[in-house]
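Student: Could you zoom in on one part of this model for me, namely how the backbone pairing is laid out? I'd like the connected version, with the cut-offs spelled out.

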Amino acid sequence: MFNVLLVDDDKNTRFLLRELLESEHFTVTEAKNGKDALELLDNRKFDLTIVDIMMPKMDGYKFTENLRTFDKEMPVLMISAKQLPEDRKKGFLSGIDDFMVKPLDNEELLLHVKALLRRAKIVSERRIVVGEVVLNYDSFTVSKNGETQELPQKEFLLLYKLLSFPDKIFTKIQLMDEIWGYDTESGEETITVHIARLRKRFENWEEFEIKSIRGLGYKAVKKI
């Protein structure tokens, strides 16, 4: 049973989302603004937060910024009638994980929620399983049928990132910033080299593949 914190000042929106989420057996707790939501987080644990942007007392951006000072991992889905790229960018910079525009499609919302919870489970368990393949974050190892390879840190983190979000395209800049850090002196060719090494290591493994997306970057594809 997953506990969802729903933060929105619109009573009708809260009612409709509660009905939808409870129909999928989620436990839902409501808050009318970011300030009230932070008070709830002082005393209760939630698995995911759905938060609106425009609210009295504390908006969704400020709420997320405050949340990230003490909880870096809980998934946050921001929902809003705002549609401009600037609104999305501000949300992601504040620390959200996903963004959806109102009016919401019920089926799509549930798909987003379940995907976020699935990714959070990967983070908390610190392992990824793809068929017979197991990636263990604590040991930087990749195992299959009794065979274990211990990877150099950057190679492992790169593979782990890609397989945490299968079919999602990451640019070289995104991967450099997250794995090597913003202040790295390494160039983007470093990514190319590490991708080539990973492909060589796992060229005969049928469970997954790292694909190049021309002009964009890379993505991992699960084949089973």
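**Hairpins, then the sheet**

Tutor: Let's start with β8 and β9 (residues 147-150), an antiparallel pair joined by 4 bridges. Two strands count as paired if DSSP finds at least two bridges between them, and the elements themselves are DSSP runs numbered from the N terminus, with helices being H or I over at least four residues and strands being E over at least two. Before going on: this is a predicted model, so local features need pLDDT of at least 70 and side-chain atom pairs count only at pLDDT 80 or more, while totals for chains, interfaces and linings use all residues. Residues are numbered from 1 along each chain as its sequence is written, and side-chain values use heavy atoms, with hydrogens and water left out.

Back to the hairpin of β8 and β9: 2 residues sit between the strands, and Asn145 in the turn has a positive phi of about 50°. Within this pair, Val142 has Gln149 of β9 as its bridge partner.

Now the parallel side of things. Five strands form an open sheet in the order β2-β1-β3-β4-β5, with parallel pairing. β2 (27-31) and β5 (98-101) are the edge strands; each has a single partner, so one side of each lacks a neighbour in the sheet. On average, neighbouring strands here are turned by 20° against each other, direction ignored. For angles like this, axes are lines fitted to C-alpha atoms (for helices, over the stretch in contact), and values run from 0 to 180 degrees between N-to-C directions.

Contact here means heavy atoms within 4.5 Å. Helix α5 (residues 106-125) lies across β3, β4 and β5, running at about 175° to β5.

As for what holds such pairs together, strands of a sheet pair through backbone hydrogen bonds, either parallel or antiparallel.
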